[in-house]
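Trainee: Could we go through this model together? I would like to ask about its salt bridges, its helix packing and its loops.

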Amino acid sequence: MMQIAPSILAADFLHLEKDIQLVNRCGDVIHLDVMDGTLVPNISFGFSVIDQVAKIATAPMDVHLMVVHPERWFEKIAKDGARMCSFHWEAAGRNTSRFIKQIQDLGMKAGVVINPDVPVSKLYPYIGKADYFLIMSVFAGFGGQKFIYESIDRVAALRAEIARRGAQALIEIDGGINLGNARAVEEAGVGLAVAGSSVFGAEDPAAAISALRGA
Ligand code: DX5
Ligand code: ZN
């Protein structure tokens, strides 16, 4: 069954504790989007929020860094107790293998992320190194965007390449995930789906999570 990572970006920031507890109870992973306004055209939140979330999080935290120089923050994120930490290949380039190792040495699972306009083959050199790959199914920067359908083929291609090499890696997807595409992305090979608006915009977020999971 596909796991679901509700994205806090779509949560109610005036009542954040309520939404974190909901994810603790009903979700699999807490997805935290950090944006710097440079790598992506938006600013979200930073450690003033993550430090607080960490105090009450019982579900594992997955920090998605949409920032230039992501390596500046790995240590702090590990100290906050995050289980997963991902950075964009677009921000890391030739440092990608080094960043993966730094994250793993800090005791976290390391993920490499690509936007929809980056060929999926750019991830292939990191198969066997990264613990997970995050395929953006919208351009990183905003919640509530429309799912880009070609992302399904990108997931399938990545899954096939991982299998061809006899390697193992989790595939995560992020952006526009809803009941209309959840089964298709799962069949293509996604093990962990991020969902913001389709969870926190739903009348019953707990039911939305189970429906997305396919329970
Ligand atoms: C977008 C973020 C996503 C976002 C997803 O840049 O990385 O995690 O919160 O939101 P939805 O599910 O609404 O597309
Ligand atoms: Zn994200």
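Trainee: Is Arg 164 buried or exposed?
Mentor: This is a predicted model, and every value here is computed from it. Arg 164 has a relative accessible area of 62%. The cut-off for exposed is over 50%. Therefore Arg 164 is exposed.

Trainee: Which residue forms a salt bridge with Arg 164?
Mentor: Look along helix H6, residues 151–164. The closest N and O atoms are 2.8 Å apart, and the partner is Glu 161.

Trainee: Is Glu 161 buried or exposed?
Mentor: Its relative accessibility is 11%. Buried means under 20%. So Glu 161 counts as buried.

Trainee: Why can residues three or four places apart point the same way?
Mentor: Count residues per turn. Three or four places is then the spacing to look for. They point the same way because an α-helix has 3.6 residues a turn.

Trainee: What is the N to O distance in the salt bridge of Lys 101 and Asp 105?
Mentor: Both residues lie in helix H5, residues 96–105. They are 4 residues apart, about one turn of the helix. Asp 105 is exposed, with a relative accessible area of 57%. Their side chains meet in a salt bridge, N to O, at 2.8 Å.

Trainee: With which residue does Asp 19 form a salt bridge?
Mentor: Asp 19 is one of the buried residues of helix H1. Its relative accessibility is 7%. The closest N and O atoms of the salt bridge are 3.3 Å apart, and the partner is Lys 18.

Trainee: How many salt bridges does a search of the whole structure find?
Mentor: The pairs above are among them: Arg 164 with Glu 161, Lys 101 with Asp 105, and Asp 19 with Lys 18. There is also a network linking Asp 51, Lys 76 and Asp 80. The search of the whole structure finds 9.

Trainee: Which elements do the buried residues of H1 pack against?
Mentor: H1 spans residues 16–26, and its buried residues include Leu 16, Ile 20 and Val 23. Two strands are packed against, E1 (3–6) and E2 (30–35). The helices are H2 (47–56), H8 (197–200) and H9 (205–213).

Trainee: At what angle do H1 and H2 pack?
Mentor: Their axes are 10 Å apart, and the angle is about 50°. That makes H1 oblique to H2. H1 passes H2 in a right-handed crossing. The contact is made by Leu 16, Glu 17, Ile 20, Gln 21 and Asn 24 of H1 and Val 49, Val 53 and Ile 56 of H2. By class, it has 5 nonpolar, 2 polar and 1 charged residues. The angle asked for is about 50°.

Trainee: Beyond its neighbours within four places in sequence, which residues is Phe 13 in contact with?
Mentor: Phe 13 lies in the loop between E1 and H1. It is partly exposed, with a relative accessible area of 38%. Its C-alpha atom and that of Val 49, 36 residues apart along the chain, are separated by 9.4 Å. Its contacts beyond those neighbours are Ile 8, Phe 45 and Val 49.

Trainee: What phi does His 69 have?
Mentor: His 69 is in the loop between strand E3 (61–66) and helix H3 (74–79). His 69 is partly exposed, with a relative accessible area of 38%. It is not a glycine, yet its phi is positive, about 50°.

Note on methods: Residues numbered from 1 in each chain as written. Chains lettered and ligands numbered in written order. Predicted model: local features only at pLDDT ≥ 70, side-chain atom pairs only at ≥ 80, totals over all residues. Heavy atoms only, no water. Buried < 20%, exposed > 50% of the residue type's maximum accessible area, 1.4 Å probe, protein only. Contact = heavy atoms within 4.5 Å. Axes fitted to C-alpha atoms, helices over the stretch in contact; angles between N-to-C directions. Parallel < 35°, antiparallel > 145°, perpendicular 65-115°, else oblique. Left-handed = near helix turned anticlockwise from the far one by under 90°. Nonpolar A, V, L, I, M, F, W, Y, C, P; charged D, E, K, R; others polar. Salt bridge = Lys/Arg side-chain N within 4 Å of Asp/Glu carboxyl O.
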